[in-house]
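Thank you all for coming.

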Amino acid sequence: MTTESVDQRPSALFVCVHNAGRSQMAAGFLRALSGGAVEVRSAGSMPADQINPTAVEAMLELGIDIREEQPKVLTPEAVQASDAVITMGCGDVCPYFPGKTYEDWKLDDPAGQGIESVRPIRDEIRGRVLTLISQLGVEPVEL
């Protein structure tokens, strides 16, 4: 038997089409609100070239900096390595593995929207992430 260092933290993967707005905001919230107690991944079925600058601005308003993040392509390995898989409009593109928790969050796409339209999407994501943190058995931290 080998003694490998295994990350015992719960893990979540956020998936949307471009991995530029909703999934990046959700990942930013989960990193911040879990205080590092949850392993966080995000990916897209057709990743964009860069993160949505309005999503970045909306998150910075709350003190969460996602400027260094880059859209990533969705892989079966990322799904398999995650306890919870949250999709946001990518539908059947996401691979299915038995034993994973899957949720589909119906959220407006912030692409091409101004900050006034993105704030309510951001706030909805924050509320859902707080619920997810509880479901993963982690105590949220105050921001």
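This is a predicted model: local features need pLDDT of at least 70, side-chain atom pairs count only at pLDDT 80 or more; totals for chains, interfaces and linings use all residues.

Let me begin at the N-terminal end of H2, which is capped by Asn52, one of whose side-chain oxygens lies 2.7 Å from the backbone nitrogen of Thr54.

Now to H2 and H4 as a pair: their axes are 9 Å apart and the helices pack at an angle of about 65 degrees, in a crossing that is right-handed. From H2, the residues that make this contact are Thr54, Ala55, Glu57, Ala58 and Met59, and from H4 they are Ile115, Val118 and Arg122. Sorted by class, the contact of H2 with H4 has 5 nonpolar, 1 polar and 2 charged residues.

Next comes H1, residues 22-34, which packs with H4, residues 115-135, at an angle of about 50 degrees, with the axes 9 Å apart. That angle makes H1 oblique to H4, and the crossing in which H1 passes H4 is right-handed. On the H1 side, the residues that meet H4 include Met25, Phe29 and Leu33, while those they meet in H4 include Ile121, Ile125 and Val129. The residues of this contact between H1 and H4 divide into 12 nonpolar, 1 polar and 3 charged.

Note on methods. Residues are numbered from 1 along each chain as its sequence is written. Side-chain values use heavy atoms; hydrogens and water are left out. Axes are lines fitted to C-alpha atoms, for helices over the stretch in contact, and angles run from 0 to 180 degrees between N-to-C directions. Helices (H or I, at least four residues) and strands (E, at least two) are DSSP runs, numbered from the N terminus. Angles under 35 degrees count as roughly parallel, over 145 as roughly antiparallel, 65 to 115 as roughly perpendicular and the rest as oblique. A crossing is left-handed if the near helix is turned anticlockwise from the far one by less than a right angle, and right-handed if clockwise. Contact means heavy atoms within 4.5 Å. Ala, Val, Leu, Ile, Met, Phe, Trp, Tyr, Cys and Pro count as nonpolar, Asp, Glu, Lys and Arg as charged, and the others, Gly among them, as polar. A polar contact is a pair of N or O atoms within 3.5 Å; within protein, one must be able to donate a hydrogen and the other to accept it, and residues adjacent in sequence count only if both atoms are side-chain atoms.
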